[in-house]
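This report describes selected features of a two-chain model, which the reader may follow alongside the sequence.

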Amino acid sequence: MKLLQSTLILALATFSLSSSRMAAQDLEPAQILHPSTDSWPTYHGDYSGRRHSTLTQITPGNVGNLGLSWVFQTNQTAPIKSSPLMVDGVLYFTLLENVYAVDARSGHQIWHYTYPPNKGFHIGQRGLGMYKGYLFYLSPDAHLVSLNAKDGSVRWNVIVADYTKGYWTTEAPLVIRDHVLVGVSGDFDNLRGFIRSVDPETGKTQWNWYASPEAGTSNATTGGMTWMTGTYDPDLNLLYWGTGNPTPVLTGSSRPGDNLYTCSIVALNPDTGQLTWAFSASPHDTHDWDAVETPILIDGTVNGAPRKLLAQASRNGYFFVLDRITGKSVLTTTFGPTNWALGIDKQGQPIPNPAKEPTPDGRLIAPDESGLNNYRSSSFDPKTGLFIVDSHPAWSIYFAKPEDGTYGWAGADYGLWGKAVVEAIDYQTGKIRWSREFGEGGASAGVMTTDSGLAFTGDPFGNLVALHTSDGKTLWHAGTGSPMQSSPITYELDGQQYVLTSSGGILFSWTLPNNGQ
Amino acid sequence: MSKGTISAVLLTAIVVALHYAQKPVHAAAQPQQTSANAPAAASVIDSGGALFYTNCAFCHGRDAAGGETGPDLTRSKLVSEDKGGDNISVVVRNGRPDKGMPAFNLSDAELNSLQAFLHNRMLIASTQKGGRRGVDVSDLQTGNKDAGMRYFQGAGGCAKCHSPTGDLAGIATRYQGLRLEQRMLYPGRARATVTVTTASGQTISGTLAYRDEFTIAMRDANETYRSWPMDKVKVSINDPIQAHVDLFPKYTDDDIHNLMAYLQTLR
């Protein structure tokens, strides 16, 4: 009898423990596979990178009534560059050393963690990864910190790369099952880029994949920084990631050849880090054109047959559509002015024109160094088959001379002019179905699309706009006071659809009155 | 010559070439950007350097000589004319939003260390012989001035708006080197003019002050700022710089270097 009682008590205790765990803000890895609409569990929203929501409460018909629900003010002068996570009613986002947990209903702060003062480059921070009750944050000085989601306390802190060598980190880690995937940045030194898989419980390294040969290998490149969060196909069990430019950056004499795997889209096995295939977006790049823009996964149709595809609107001005099983090119085309390639080779890769490499007296190049596309997320809308990108047509002059050496930047480049244009690319043909000019100067924000046919983005002047995905018409806007340097997210909570955007140091949430009724 | 001698000569040549590759030829003399500030204490410079590294180095380079997207501050007119941070503080505190530079909320002490660091970098850069990542006037002398004049008067279309004895007289005295080439390709400060016609038929003209999809603004003939919602007025804009933008896809690199050679004769 006593044994039964003890067993019962034990069983009850276990049950209540697990109940309280279910009520806690936890994210099981399986939830990232099929995100519920009341969540945004990973940087891109889901593993496909489409940044497309099935929510339809906000429609082209009623978006004109969209209004401010609440704001969260960080009181920081640096801008928010992160996409928040939303899990179990709590928003988690970052701003340089700051990690915030905010009530997604009220916009009130739950906790705020500050990473200690450090000497890394403070250029930005894109957000967090989450696994069960733990968050993962990459600091400016290339540490990976795991926090308890409940209260922001530190579980562990591991070094990803040595910032004194010139590495820094900015991206949102990607969680796949029991792997936390992180990448690095660092263009001012001749460093190897890599992707690392870390154990979410212990912080121990599981594997590294290197984008370039060991530094010091003769006639070989370094670089291939893995700046931005990749995407994942769970059926193929393939991790897709973009790599950055080779180093030295603007001069290629010390690194002849295609400089694999810099400026590439690579497919890795996430359990082992083994390379399955690689596609070079810019063989032998000399213009700093990272290929780290989101490798968006599209389940599409090619010549009437279903195909598993991957599409990237790349920094260098090219729109690539690949077969994501084999890495073979399906389509390569430009999505704005480019003048640096002789053509496209049999692999669908651009052939760089040697006459457009930087010279002592300068070469006029389109696009500029910040590229036709950059960190701002594109979005793919499966209903219209449109790939929406905030492009930045631009012209620049690039210089390099022997005195600039073969280390780090090794040259100088100057942007002359650019403008912001939102484009809707038909993924099957590469043709631009519609485009909207937003004005001269800087670039626009990232894009998020929804099933009801809306595309949310920001213009270079701080206006948040809702466009009609099918024709690009502006249906609603609000001036937010500072150009958006992030990509929007959306979720529903308590029967209400929220769109979250940032501008300056402020997080804005937008809803319809009366849940849209 | 015997094989051995040839090899020796070749080897010597290679060694000499390598030697000169690492010790580059001193760049031709150009107007030095000097710094009219008394040197600061080493500790202040170091503090400024640490601040610069974490906040500025990504864009402006660790040595302030240019990085991703940001200009070379060691050749900056604003920095060379700065006295004790008077110019620099304004730019750092306000940013340059139109150029993508954010604002930084730094204390007076922090700004002081930053300006000390920048002046020190400028001093070091001006005495450096090699390893610079900038563009010297001597780098931009590869064009043919006669071809440049033909392009100016012909295919370039420059003569439609510009005259070598009129608006461009003395241009090469006012600007040299990279700055001249940048302005030649895109003279960013020229203002567009705009005419707004209201619903009642009134027309107002002025220089363009602001434009986005929703708002148009100008400084009118009295320099008064005026704005209207875009959807309530008809707008026509005359942007004289548009012709420069239209040339971008048309230039060859030779055209640009030849034009530079020609403009540099207009002193």
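Which residue is the bridge partner of A:Thr501 in β39(A)? The partner is A:Phe508. The model is a predicted one, in which local features need pLDDT of at least 70 and side-chain atom pairs count only at pLDDT 80 or more, while totals for chains, interfaces and linings use all residues. Residues are numbered from 1 along each chain as its sequence is written, and chains are lettered from A and ligands numbered from 1 in the order in which they are written.

**Sheet in chain A**

Strands β38 (residues 496-503) and β39 (residues 506-511) of chain A run antiparallel and are joined by five bridges; two strands pair if DSSP finds at least two bridges between them. Both belong to an open, antiparallel sheet of four strands, ordered β2-β39-β38-β37. Its edge strands, each pairing on one side only, are β2 (67-73) and β37 (489-493) of chain A. From one strand to the next the twist averages 25°. Strands (E, at least two residues) and helices (H or I, at least four) are DSSP runs numbered from the N terminus.

**Nonpolar cores**

A nonpolar core is a set of buried Ala, Val, Leu, Ile, Met, Phe, Trp, Tyr and Cys residues joined through C-beta atoms within 7 Å; buried means that 20 or more other C-beta atoms lie within 10 Å of the residue's own, with C-beta atoms placed from the backbone. The largest core has 139 residues, and A:Leu239 is one of those with the most contacts inside it. Helix α6 (residues 108-127) of chain B gives this core its largest share, seven residues. Another core, of 30 residues, lies apart from it and includes B:Phe152 and B:Leu263.

**Helix packing and the chain contact**

α2(B) and α6(B) pack at about 95°, with axes 7 Å apart. α2(B) is therefore roughly perpendicular to α6(B), a class that covers 65 to 115 degrees. Residues are in contact if their C-beta atoms, placed from the backbone, lie within 7 Å; among those meeting here are B:Leu51 and B:Phe52 in α2(B) and B:Leu114 and B:Phe117 in α6(B).

The contact between the chains takes 44 residues from chain B and 40 residues from chain A. On the chain B side, α2(B) gives the largest share, four residues. The table gives two compositions by class; Ala, Val, Leu, Ile, Met, Phe, Trp, Tyr, Cys and Pro count as nonpolar, Asp, Glu, Lys and Arg as charged, and the others, Gly among them, as polar.

| Contact | Nonpolar | Polar | Charged |
|---|---|---|---|
| α2(B) with α6(B) | seven residues | six residues | one residue |

How values were computed: Two residues are in contact if their C-beta atoms, placed from the backbone, lie within 7 Å. Axes are lines fitted to C-alpha atoms, for helices over the stretch in contact, and angles run from 0 to 180 degrees between N-to-C directions. A residue is buried if 20 or more other C-beta atoms lie within 10 Å of its own, exposed if 12 or fewer, and partly exposed in between; C-beta atoms are placed from the backbone. Angles under 35 degrees count as roughly parallel, over 145 as roughly antiparallel, 65 to 115 as roughly perpendicular and the rest as oblique.
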